[in-house]
Amino acid sequence: MQLPFYLAVAATCLASVVLAHPGENHDAALVKRKLDMQEARAAHGNRALAKCARSQDYRSFHTRNIERRELKARGIRQSRGLSHKTNDHFRRTSDDLEKWSGVEHNKTGKITPFGNVFDAETTCILTPVITDGPYYVWGELIRQNVVESEYSRGVPMYLEIQYIDVNTCQPLPDLYVDIWNANATGVYSGISESGNYAAGGWNSTYLRGIQPTDDDGVATFETIVPGHYSGRATHTHLLVHTNATILSNGTLQINSGSITHNGQLFYDEALRSAVEASDPYNTNTIAVTSNDEDQWLPEQATSSYDPFIRYVYLGDDISDGIFAWKEIGINSTADYTNNSDYAIAAYLGANGGYENTGAHAFLGGGGSS
């Protein structure tokens, strides 16, 4: 009997001898159970979506999202003096990952009507929870711009993440959203151990930060499109804190509040290819792992949830950057603090960064920057 596409991918990845993130590895039966649970939750989310989509509040909220994204992208272009021709760079290219791999996430050139460009499809659909990986650091700076003067060179990305309560279809304000990803050559900051020696070691903070969500449930970041490293497709990590305590120095109190969601954002192959061909990504000598080969991407996709970001080019070339957005549906009452998908690798405190020696050892990763 032939395995479904997503199980075949998972089985292939699990059988791999070399993995970027040891400790994230699960057996095929566990992966299948998790995927089945996600499908059941997605079906519940679809019913909720059908109900709330008929409400006036939802229609107003939906319109407001489209207008905000259009104005934001236009404002970034104007502030950076970017010209833009309305050409469509790539094709819009469904087992679940196959479906979403065939969707064109690049909206460049589809400027009129704006609803065809800056729309999204995930409101009130539960976004699957997956591992936060081996390189999560607690205590990152509360800041919108996570690009630093060193080790952050790459394709600019202006990222809008919006959180929706799947139980009410209402936006979720006052969440604190952690973001982190590898730099263009595949290295994470804040970690200094075998497989990932960041310049600056445990004290480094590039491409990491935290932002609160506003009244529309939106957190925005200025970052770069991530680079790749061994065994993983290009991705960005997101983690949601609720009821967190903010200290006087503007950081989150260690282990305060609840972890309501772990997730990862992925990038379609057309965008990945364009980015990887540009400088400095093209100096990365690590073999590329495609989306189809990634261990975790099948877990982030469901028949209803598209794991890839939507985006528009800000200029006429990828080097000018992209504006990207994603709506994420979460259960605001959930708490994954004691879940196996959540682990802290290190802390950033007043006296610098330090390893969480109580965590299980994480090996592998990108290399050194």
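Modeller: Ring pairs join Tyr136, Trp138, Trp180 and Tyr342 into a cluster, where rings of Phe, Tyr and Trp (its six-membered ring) pair if their centres lie within 6.5 Å, and planes under 30 degrees apart count as stacked, over 60 as edge-to-face and the rest as tilted. This is a predicted model, in which local features need pLDDT of at least 70 and side-chain atom pairs count only at pLDDT 80 or more, while totals for chains, interfaces and linings use all residues. Residues are numbered from 1 along each chain as its sequence is written, and side-chain values use heavy atoms, with hydrogens and water left out.

Searching the whole structure gives 8 aromatic pairs. One of them is tilted and brings together tyrosine 135 and tyrosine 188, at 5.1 Å centre to centre and with 50° between the planes. Both tyrosine 135 and tyrosine 188 are buried, a word that stands for under 20% relative accessible area, with exposed being over 50% and partly exposed in between (1.4 Å probe, protein chains only).

The rings of tyrosine 151 and tyrosine 206 also pair, and because their planes meet at 45°, with the centres 5.6 Å apart, the pair is tilted. Here tyrosine 151 counts as partly exposed, at 37% relative accessibility, whereas tyrosine 206, with a relative accessible area of 2%, is buried.
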